[in-house]
Amino acid sequence: MSRDTSSGRPGQRSRVRVIVLQQGLGPLDYATPGGRRLEPGQIVQVPLGPRLITGVVWEADRLPATEVDDARLRPVAGVYDLPPLPAPVRRLVEWVADYYLAPHAAVLRMVLASASALDGGRTSIEYRVTGVIPERLTPQRAQALERLQGRQGLVRELATAAEVSDSVIRGLVKAGAIEAVEVALDTRFPPPDPGHAPPLLESGQASAAATLRHAVAARGFQPYLLDGVTGSGKTEVYFEAIAEAVEKGGQALVLVPEIALTEPWLRRFEARFGAPPVAWHSDLRSTERRRAWRAAASGEARVMVGARSALFLPYPDLRLIVVDEAHETSFKQEEGVMYHARDVAVMRAQLQNVPVVLATATPAIETRVQVERGRYAHLELPSRYGGAELPTIEAVDMRRFPPPPGRWLSPPLVRALEETLGRGDQALLFLNRRGYAPLTLCRTCGHRIECPNCTAWMVEHRLLRRLQCHQCGHSMPVPDACPECQSEGTLVACGPGVERIADEIAAILPDARTAIVASDTIWSPAKAAALVSSVEAHEIDLLIGTQLVTKGYHFPDLTLVGVVDADLGLGGGDLRASERTFQQIQQVAGRAGRGQKPGRVLLQTHQPEAPVIEALVSGDSEGFYAAETESRRRHAMPPYGRLAGIIVSSEDQREAAAAARMIGAAAPRIEGLTVLGPAPAPLALLRGRHRQRLLVHAPRNLDVQSAIRGWLGELEWPRGVRVAVDVDPYSF
Ligand code: ADP
Ligand code: ZN
Ligand code: ZN
């Protein structure tokens, strides 16, 4: 950073408007330091009271004076030695702030990602365990040394990982048990080579790839829906578009839903391009993050792969964005700035004037309607790669084939499992519930154990011998006695989770080698990679998993998929429930029969006549989507109408309810705009805050954001109340 202390003569001063990374402050004006010109996008430090804070120059030329006259402006204190944020990035910040009603500072913070990324310096100091045992070995020290085996990071990161205080780590450094290592930050990322191993594409793939290559070469904004059944080879197709972007000297960005699952994807990328892409996700160590951010900002990172936040990095020469598995719900951010990464990706592509590819086998209704409206181009891959057949899907009517008491797998599914494993093939059981049992109930008094902070049952995890809340992470030992009536030994586990299904398999197929695939067993890219290798090596016969297994995996000998409870997602009265169930089951079914052998899918259901189940069994996706789309149209629901949630929360339930009613009563009278609620929000109690939701419904052409801005801008609420707006909420 260069600091400027010369004050300059007043006549020479000009004014810049700076957005500071401080919540609750609007843009502030500063004087440019003597004689120096600053450009929009430059990252600076400015004085605020006694402190210096980081900000970005937003406007620099011909600024109208404000109440503060030029002579009294304080000067910018320093300018970071970094390229200015490119114009499309600044426009993106403005668009996201406007559209999602978020403060500019909050959006800008995603662009700058971490203040530490900004500091210069070619090296950073990290710490790691040496193997020396300190003379004084307290329990905390022992815990730290045990947990930090093979890890490296800043003191703060190590302390967090080991669940000890910073001072424990510092003490270990003094005692020689942890040492400092210098990490180079300017080592280069090897560039991917577009000519490394080009694939031989099938004709459908080749024509889609040619279209995308042309689009990338020509530039110009255009969204593409790359719509191909599971196993059709969409990845190879968009890899060609990436190759084109790299050949042209530009950058490409690939958004993936869950970074823990990208290991197989990374291997394919490396096989195709001879070098890995640069990864961006929340689990990066601070030094890795700093290095990746700089590589993105300098253009050195030619291909970035990341979770949704990678969208905000200041790429200087972005030529292509790909959203892989674009239907995934994890692209919707539900806290902080509540944005949908799929939609922001399209906007970023528009601002950048480049193509964007949404790749999925199960497009969202919103995306399909954009194709119908002619806004998105449609690239279809109707059959699987290499002549593989799509699996057959059958419903198992649980009313006719009930499992024995205390069991969850029906006789037809058990028989199919036996046959499959007997042939030496592999199978997958899908149940979207982590842990052993979703509910713990007292047999004597009927009490159900609930999280004290959330509207959620405590879920039993037998492997950990604890009850856990899946919303906030609160956990406790399984009590011996009922917390309500104090009877001992009366608590029973109700319903199955994946761990319980694993127990059942152990009882009925004792020789089967099984693995549980859930976010608490597969929580890192390394774990995911280990799982993939052991399935490929046939060390595992049967996978039992939550929604994590629905994604991306390709196992040629996996020929049977059993859906333990196909009705699970259908309750709850959410208008999106059928669509989500359809997508999820299609995706998990898509794991079967991807090689030369045909696949079979069994759906256990109590309502085989439900439209979703019938559509899955008959394979009539078009019919299903047409009916769902028609129902959205009839109710003027998205994308035929607009929705926004206003979430009012407080630690005090009555305060939240009162504030929500007050806000509801002040709703503007605008033709077509209706306000539903307040009602308890989808997560009515979350991390100790009671949440009420008002749902604003409006026609498609109404500027809902302006209406809400005007409405909330007039109101005041008590200090303990927080109000957040969720534009285009996921559930409605
Ligand atoms: P999708 O993402 O559409 O479900 P994938 O891209 O995962 O499908 O492709 C399915 C499988 O087919 C993968 O193992 C992939 O490596 C293979 N594959 C697809 N296209 C080709 C190709 N042109 N040449 C060789 N293998 C291919
Ligand atoms: Zn009881
Ligand atoms: Zn909780």
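This is a predicted model: local features need pLDDT of at least 70, side-chain atom pairs count only at pLDDT 80 or more; totals for chains, interfaces and linings use all residues.

Student: What makes the phi of alanine 636 worth a remark?
Tutor: Most residues other than glycine have a negative phi, and most peptide bonds are trans. The phi of alanine 636, by contrast, is near 50 degrees, a positive value in a residue other than glycine, and alanine 636 is found in the loop between α17 and β28.

Student: Why are α1 and α10 called oblique to each other?
Tutor: Helix α1 (residues 87-99) and helix α10 (residues 341-352) pack at an angle of about 140 degrees, with their axes 9 Å apart. Roughly antiparallel would need an angle over 145 degrees, and roughly perpendicular one from 65 to 115 degrees, so α1 and α10 count as oblique. Their crossing is right-handed, and the contact is made by Pro88, Arg91, Leu92, Trp95 and Val96 of α1 together with Val344, Met347, Arg348, Leu351 and Gln352 of α10. By class, that contact has seven nonpolar, one polar and two charged residues.

Student: And why is α15 described as roughly parallel to α16?
Tutor: Helix α15 (residues 577-589) and helix α16 (residues 611-618) pack at an angle of about 30 degrees, with their axes 10 Å apart. The limit for roughly parallel is an angle under 35 degrees, and therefore α15 is roughly parallel to α16. The crossing of α15 with α16 is right-handed, with Ser578, Thr581, Phe582 and Ile585 in α15 meeting Pro611, Val612, Ala615 and Leu616 in α16. This contact has six nonpolar, two polar and no charged residues.

Student: What makes β12 and β16 edge strands?
Tutor: The open sheet of seven strands has the order β12-β13-β11-β14-β15-β10-β16, with parallel pairing. β12 (278-280) and β16 (377-381) each have a single partner strand, so one side of each is left without a neighbour in the sheet. Neighbouring strands of this sheet are turned by 20 degrees against each other on average, direction ignored.

Student: How do you know that β14 and β15 pair?
Tutor: Pairing asks for at least two bridges, and four bridges join strand β14 (residues 318-324) to strand β15 (residues 355-360), which run parallel. In one of these positions, valine 322 has valine 357 in β15 as its bridge partner.

Student: How do you know that β7 and β8 pair as well?
Tutor: Two bridges join strand β7 (residues 123-129) to β8, which meets the requirement of at least two, and the strands run antiparallel. Arginine 128 stands opposite glutamine 152 in β8.

Student: Which residues come nearest to ligand 1?
Tutor: Of the 15 residues around ligand 1, Gly233, Lys234, Thr235, Glu236 and Tyr385 come nearest. Helix α7 (residues 234-247) gives the largest share of the shell, three residues, and by class the shell has four nonpolar, eight polar and three charged residues.

Terms used. Residues are numbered from 1 along each chain as its sequence is written. Chains are lettered from A and ligands numbered from 1 in the order in which they are written. A residue is near a molecule or strand if its C-beta atom, placed from the backbone, lies within 6 Å of it. Ala, Val, Leu, Ile, Met, Phe, Trp, Tyr, Cys and Pro count as nonpolar, Asp, Glu, Lys and Arg as charged, and the others, Gly among them, as polar. Axes are lines fitted to C-alpha atoms, for helices over the stretch in contact, and angles run from 0 to 180 degrees between N-to-C directions. A crossing is left-handed if the near helix is turned anticlockwise from the far one by less than a right angle, and right-handed if clockwise. Two residues are in contact if their C-beta atoms, placed from the backbone, lie within 7 Å.
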